[in-house]
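Subject: Handing over the model

Hello,

Here is the structure I promised to pass on. Please have it open while you read the notes below it.

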Amino acid sequence: MPVAEPKVTLDLARGLGLTADEYDRIFKQLGREPSYTELGLFSALWSEHCAYKHSRVFLKRLPTTGVRVLQGPGENAGAIDIGDGWAVVFKMESHNHPSFIEPFQGAATGVGGILRDIFTMGARPIAILDSLRFGDPTDPKVRHLVAGVVSGISWYGNCFGCPTVGGEIAFAPEYTGNPLVNVMCVGLVRADKIFRGRAEGVGNPVFYVGNKTGRDGIHGATMASATFDDKAHEQRPTVQVGDPFTEKLLLEACLEAMATGAVLGIQDMGAAGLACCTSEMPARSGTGMEVELSAVPQREEAMTPYELLLSESQERMLLVAARGREDDVRRVFAKWELDAVQVGTVIRDPELIVRHQGREVARVPIDALAEGPRYEKPIAEPAWLADRRAFDPLTLPEPSDLGAALVALIGSPTLASKEWAFRQYDQQVGINSLVTPGSDAAVLRVKGTRRALAVATDGNARQVFIDPRRGAAMAVCEATRNVSCAGALPVGLTDCLNFGSPERPEILWQFAEAVDGIADACRALQVPVVGGNVSFYNETSGQAVLPTPVVGVVGVLEDASRLATQWFKDQGHRIALLGPDDVSLGASEYVWTRHGKLAGALAPLDLGTERRVQAAVRAAVAAGLATAAHDCAEGGLAVALAESCITGPASIGADVSVEAQGRGDLVLFGEGPSRVVVAVEPPRAREFEALMAESAIPWRWIGTTGGDRLVIRTSGGAVVSVGLGEIDSAWRSGFERHMA
Amino acid sequence: MKFGVVVFPGTWSDCDFHHVVSEVLHQPVKYVWHRERDLGDVDCIILPGGFSYGDYLRAGAVAGRSPVVDAIRDFAAKGGLVLGSCNGFQILCEAGMLPGALQRNECLQYRCQSTHLVVDNVETPFTRGLRAGQVLTMPISHGEGKYYADAPTLAQLRAGKRIVFRYATPEGEVTRAANPNGSLENIAGIVNEAGNVLGMMPHPERAAETVVGGTDGLLMFQSLLGSLVEDGTFLKR
């Protein structure tokens, strides 16, 4: 039965998020007026979310190759060779817009989407990490979002059976109207059994597998490519609804079907659903595809071709099977009680031909869909930024009680313990978790080998705000340093770039600078970027989020029995501080929490020093010399030491003297890159000294572990002496008290 | 000793139990699909954790009525050993093979954390190698683990010494603060009347290797193996 469709007009196109220029471009590409269904295809695939039209020109600057790289950007996820015939597959993606509209399902389907990106490559997911940003947790609306997002992640990840092993949660008022939900997933696959989203072989059958299609999430990709106003909640119908149980069945069925050899290519139906898969898969193979929509399993009645193509119903995949092996595919999916229906065929001509009940409803050149417009829009540094950066934080008053300042800092929501969230996540299923949340990096063993993987996510948005290029480079440095502190060699990186509207020159400038910063650091540290995601339009009523590039890093630990964690293990160990003295209170956590100010220049970053410090830490861990290693990040040296004292199974104090001139708060809480605290057993101190001398890095002994207090003296005369109990209770309650 | 690990749609601790039995205990082990009506040649059936059938309706409700459970009921009636952990415990209760029910955690949130269990009964094949009052450390990971039974049932459990594990402090004291989910009487694990069917919410398979969660869970498996090697009473029964 033909369905009455709206007339195609420029106004209709605008309503779907297309510009007048893009509307004209469609006419040129087709040589005629598009049908309503075709207009829907273009609007989804040319959305910022799918086409990266504002970002592509910048993303080309990222280094994406390396000897270990098996798959770089452009597929569902990146893949890196880790030896012994294994590859690690990983990617991070955002689900910011849906999570603001409906936090539980928004976050849950964010987890579901990234899990599928991993197992569509043939890999079994082994870890999830979440990088979350929210507004001030004293705001009840923000608490509602935090609780919803955390329970959504918990519900989906736990039911699916993939452990959540890391991530961060940070707070800043700029996220009040736009929380960020970035989820990274890591999986393992045999290096010669990686699957890709390709449509090879003319005449091969195209199967739709998994959940049935409903009307949920239609135009989700378009929604995610626009800013919000005060009516954002009206977008709720564009948020998808997840079913982790079906996802688990889909995982098992896909891996089992892949093992039969009948599957040639496969892709997750994520953003823009069937429309995306039916154009991207042939685009990668230079083929075309014809599909009959009435064959698509449906859970709602009278769905139109437009709805069937653009639905973002969850837990679905499109796969291309070898002709003659159709029954193998059907048998496996039947075993897991999932639909597997042939909906189309790979064809020679590079066209997407869509029929509905035999009637042709779309015929579009694949290239036209898959190669969306690309823009090189103007960029401009915001005029006010130089003044913000020129601010001297040392004009702010110095606190009279530095110990109290430390307790207040470590009890601030961003630095405080996130156990309230992590205890809601299964952290162990799969029994690979050697180090669970609470150290610089999570560590997972690779069963059947001596190796382990270390994974960490990071992104300090305040630093990026004040200096996008250096701040983003510092994010790469911090995440790789975290992995190095566990003893692992960083081998690959994924990023999630969360910004405001790229149509504003100052936002696009932030973006361009941040990409350059990531590129600089990745080149210097020899870590390729193998995948990622750009999320623009994170603004509500004109208020953009802080520019927030989040990076996720995977490292390989050659010997899983030689790893380090961040906490002190015993009394009497010597404490070393590796790295330069240069720190700054500019854009620091301390200046923000104490003075409510985001201003001042960042400390200098020397990527050569960063590389050598990380190599030195890894060498110390590999030699069994480091009983603890912890990087100095937000809150500076004092917070790093405090965390090493209290985050282990038993609290262990420290007595430290820092030979650094300058104000006490600068020495204690100043932030700077390339700094790591390492603990060493006294009998091995000489060996450690020799190793450090070889490493050609600045370093020195600063004290000893022991007692039940953290004591820090600076040569400038400042003294901090705080009981661990006081630090511990501030740290434990700092976030949780808002959620209780 | 031959093990069978039951796989329902949505089970996820199956691979972990399989790994521990084959790689740590070096015992033969096979997966048993939920549609099986014949368990084959096994001495011990493990019902692992997960979200069988999505835990729709109630946790374990659908799995508790699946074909394989009929076979397991017959197997247990003949004295076969059955260990249900996490979702496996919920399934055993839903199937009526153990009394009581597992309700939503008192905190209304999922909880994944380390717990301490005091061993109350060392007369079962699963705990025979342990000392009464011994404290084991094992993680829990569940949203619905609050054990509930009516007063007469609880009295029967107590009288029959069928409470095997209770949540406790590291020193073995059974306190309210040590109870992670609000279970009545801090109950973490119980056995059936014959003692050959054990249900517990904690995950022994996650505490079977030094590098991941310690080896207190392994003690249970070793107990199980030892009891059969020493005397075959539980198999012969």
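Below is what turned up, going from the whole chain to single residues.

First, some housekeeping. This is a predicted model, in which local features need pLDDT of at least 70 and side-chain atom pairs count only at pLDDT 80 or more, while totals for chains, interfaces and linings use all residues. Residues are numbered from 1 along each chain as its sequence is written, and chains are lettered from A and ligands numbered from 1 in the order in which they are written.

**Chain A overall**

Chain A has 26 helices and 28 strands (DSSP runs numbered from the N terminus: H or I of at least four residues for helices, E of at least two for strands). Its radius of gyration is 26 Å, close to the 27 Å from the globule rule for 740 residues, so chain A is as compact as a globular protein of that length. That radius is taken over C-alpha atoms, and the rule is 2.2 Å times the number of residues to the power 0.38. The C-alpha trace of chain A spans about 85 × 55 × 45 Å along its principal axes. Of the 740 residues in chain A, 64% are buried (20 or more other C-beta atoms within 10 Å of a residue's own; exposed is 12 or fewer, partly exposed is in between, and C-beta atoms are placed from the backbone).

**Where chain A meets chain B**

Each chain's share of the contact is 21 residues from chain A and 21 residues from chain B, where contact means C-beta atoms, placed from the backbone, within 7 Å. On the chain A side, α8 (140-160), α10 (244-259) and β14 (433-435) each give two or more residues.

**A helix pair**

Helix α10(A) also packs against α7 (residues 103-119) of chain A, at an angle of about 5° and with the axes 11 Å apart. Axes are lines fitted to C-alpha atoms over the stretch in contact, with angles from 0 to 180 degrees between N-to-C directions. The two helices are therefore roughly parallel (under 35 degrees). Gly112(A), Leu115(A) and Phe119(A) of α7(A) meet residues of α10(A) including Leu251(A) and Leu255(A).

**Two loop residues**

Ala302(A) is not a glycine, yet has a positive phi of about 55°. Ala302(A) sits in the loop between β9 (288-292) and α12 (305-310) of chain A, and is exposed, with 8 other C-beta atoms within 10 Å. Gln357(A) also has a positive phi, near 50°, and lies in the loop between β12 (351-356) and β13 (359-365) of chain A.

Best wishes

Definitions and conventions. Contact = placed C-beta atoms within 7 Å. Parallel < 35°, antiparallel > 145°, perpendicular 65-115°, else oblique.
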